[in-house]
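Please take a moment to look over the sequence and the model together before reading on. The explanation below is meant for someone meeting this structure for the first time.

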Amino acid sequence: MASKKAASKRGKIAQRGSSNVFSMFEQSQIQEFKEAFGCIDQNRDGVINKSDLKETYAQLGKLNVSDEELESMLAEGKGPINFTIFLSLFGEKLNGTDPEETILAAFKLFDPNATGVVNKDEFKRLLMNQADKFTADEADQAFAVAPIDVAGNIDYKSLCYIITHGDEKEES
């Protein structure tokens, strides 16, 4: 009895953890991705592997795909690529959002003392004067969901979470 309850609880946790990726798409889009996944999963085992990719490329007429290219594609999944991972990868690509670790690493460049915060005014100045320059309005819009403390510092770890997972306030 206890093992059934534990298995049920694990199932709910796994479902809850992956449900966010499904909310990123319309039901019709999810169905299209499921069909695409089915076309790529040549051996129908529920996981895309190197031989599945190689066969898919062969069907498309590309026979000279290197093992390194295929392994690089599979490495993006950071483990076996089942449908949920497949959907997550497309969600990241389509939404143009880098993985959370990448965004955190970028913010850490502006936080040499590892405080977990960056000054909003200094960061706004950098956004408006470096690389793809933001306008003042674009910078302010970027800070609209940013957790900013009374001293004017952005909690960039929380901001990274919001960027990659969405703002809970928006969802409710």
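The model is a predicted one, and its secondary structure comes to 10 helices and two strands. Read from the N terminus, the elements follow the order α-α-α-α-α-α-β-α-α-β-α-α. Of the 172 residues of the protein, 24% count as buried, while the accessible surface comes to about 11900 Å², with 54% of that area belonging to carbon and sulfur atoms. Among contacts between residues at least 6 apart in sequence, 50% join residues that are at least 24 apart.

Helix α2 takes in residues 27–40, and at 1.5 Å a residue its 14 residues should span 20 Å, which agrees with the 20 Å between its end C-alpha atoms. Within α2, the residues Ile30, Phe33, Phe37 and Ile40 are buried. These residues cover an arc of only 80° around the axis, which puts them on the same side of α2. In general, an α-helix has 3.6 residues a turn, so residues three or four places apart point the same way. The face of α2 that is turned away from the buried side carries the exposed residues Gln27, Glu32 and Cys39.

Thr56 belongs to helix α3, which covers residues 50–59. Thr56 counts as buried because its relative accessible area is 16%, the cut-off being under 20%. A polar atom of the Thr56 side chain lies 2.8 Å from the backbone oxygen of Asp52. Once neighbours within four places in sequence are left aside, Thr56 is in contact with Cys39, Ile40 and Gln42.

Conventions
Residues are numbered from 1 along each chain as its sequence is written. This is a predicted model: local features need pLDDT of at least 70, side-chain atom pairs count only at pLDDT 80 or more; totals for chains, interfaces and linings use all residues. Side-chain values use heavy atoms; hydrogens and water are left out. Helices (H or I, at least four residues) and strands (E, at least two) are DSSP runs, numbered from the N terminus. The expected span of a helix is 1.5 Å times one less than its number of residues. Buried means under 20% relative accessible area, exposed over 50%, partly exposed in between (1.4 Å probe, protein chains only). The arc is that of the directions from the helix axis to the C-beta atoms. Contact means heavy atoms within 4.5 Å. Accessible areas come from the Shrake-Rupley method with a 1.4 Å probe; for residues, only the protein chains shown count as cover. A polar contact is a pair of N or O atoms within 3.5 Å; within protein, one must be able to donate a hydrogen and the other to accept it, and residues adjacent in sequence count only if both atoms are side-chain atoms.
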